[in-house]
Amino acid sequence: MAQKETFSEFERQAMRERANELKKAKNTEADVLEKIAEMTDEEASFAMTIHDIVKRVAPELKAKTWYGVLAYANADGKVVIFFQAATEFKARYSTIGFNDTASLDEGNLWATSFAISAMTNDVVAKLTVLIKRSISGNNIS
């Protein structure tokens with residue numbers, strides 16, 4: 001007899017958050033800033049740094065929440081960039097991720113997610129390049 005698969009509490013919470021996002025009339029930058037305010041100080045600092053970089057180098061992306069995480073979507077509403085706080089996912093580190101709408105392609109293999117353990121000047125510079133690059137080129141719509 002096959003074992004019945006069920007969703008974990010974490011997965012159910014993500015689905016509830018997504019349903020709430022869809023119910024909202026608008027999913028705005030204010031929602032993103034509210035989500036950042038709920039984070040630990042370190043994660044909020046990471047998130048605000050990413051938010052500021054996106055606003056500076058990719059102002060065409062719209063800030064929103066997506067499955068309960070911070071995200072930045074293109075004009076078609078497709079998420080290009082997202083940030084996952086470590087504590088929310090009970091992970092060792094926070095991550096910034098890029099969906100297939102991002103133009104990060106490098107040959108036949110490239111990274112789409114990056115761990116962040118500290119927000120140094122070097123990390124900010126690398127994130128700036130990645131975010132700028134994610135919106136250039138032939139994005140998949």
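This is a predicted model: local features need pLDDT of at least 70, side-chain atom pairs count only at pLDDT 80 or more; totals for chains, interfaces and linings use all residues.
Author: In the hairpin of β1 and β2, two residues lie between the strands, and Tyr67 takes a positive phi near 50°.

Reader: What makes the phi of Tyr67 worth a remark?

Author: Most residues other than glycine have a negative phi. Tyr67 is not a glycine, yet its phi is positive, about 50°. Tyr67 sits in the loop between β1 and β2.

Reader: Why is Tyr67 called partly exposed?

Author: Its relative accessible area is 41%. Buried means under 20%, exposed means over 50%.

Reader: Why is Lys90 called exposed?

Author: Lys90 has a relative accessible area of 77%. The cut-off is over 50%, so Lys90 is exposed. Lys90 is found in the loop between β3 and β4. Its phi is also positive, near 50°, and Lys90 is not a glycine.

Reader: How do you know that β1 is largely enclosed by the rest of the structure?

Author: Count its buried residues. Four of the five are buried, so β1 is largely enclosed.

Reader: How do you know that β1 and β2 pair?

Author: Pairing takes at least two bridges. Five bridges join β1 to β2, and the strands run antiparallel. Lys64 stands opposite Ala71 in β2.

Reader: Why are helices α3 and α4 called oblique to each other?

Author: They pack at an angle of about 45°. Roughly parallel needs under 35 degrees, and roughly perpendicular starts at 65. The angle of about 45° falls between these, so α3 and α4 are oblique. Their contact includes Ile50 and Ile53 of α3 and Leu127 of α4.

Note on methods:
Residues are numbered from 1 along each chain as its sequence is written. Side-chain values use heavy atoms; hydrogens and water are left out. Axes are lines fitted to C-alpha atoms, for helices over the stretch in contact, and angles run from 0 to 180 degrees between N-to-C directions. Angles under 35 degrees count as roughly parallel, over 145 as roughly antiparallel, 65 to 115 as roughly perpendicular and the rest as oblique. Contact means heavy atoms within 4.5 Å. Buried means under 20% relative accessible area, exposed over 50%, partly exposed in between (1.4 Å probe, protein chains only).
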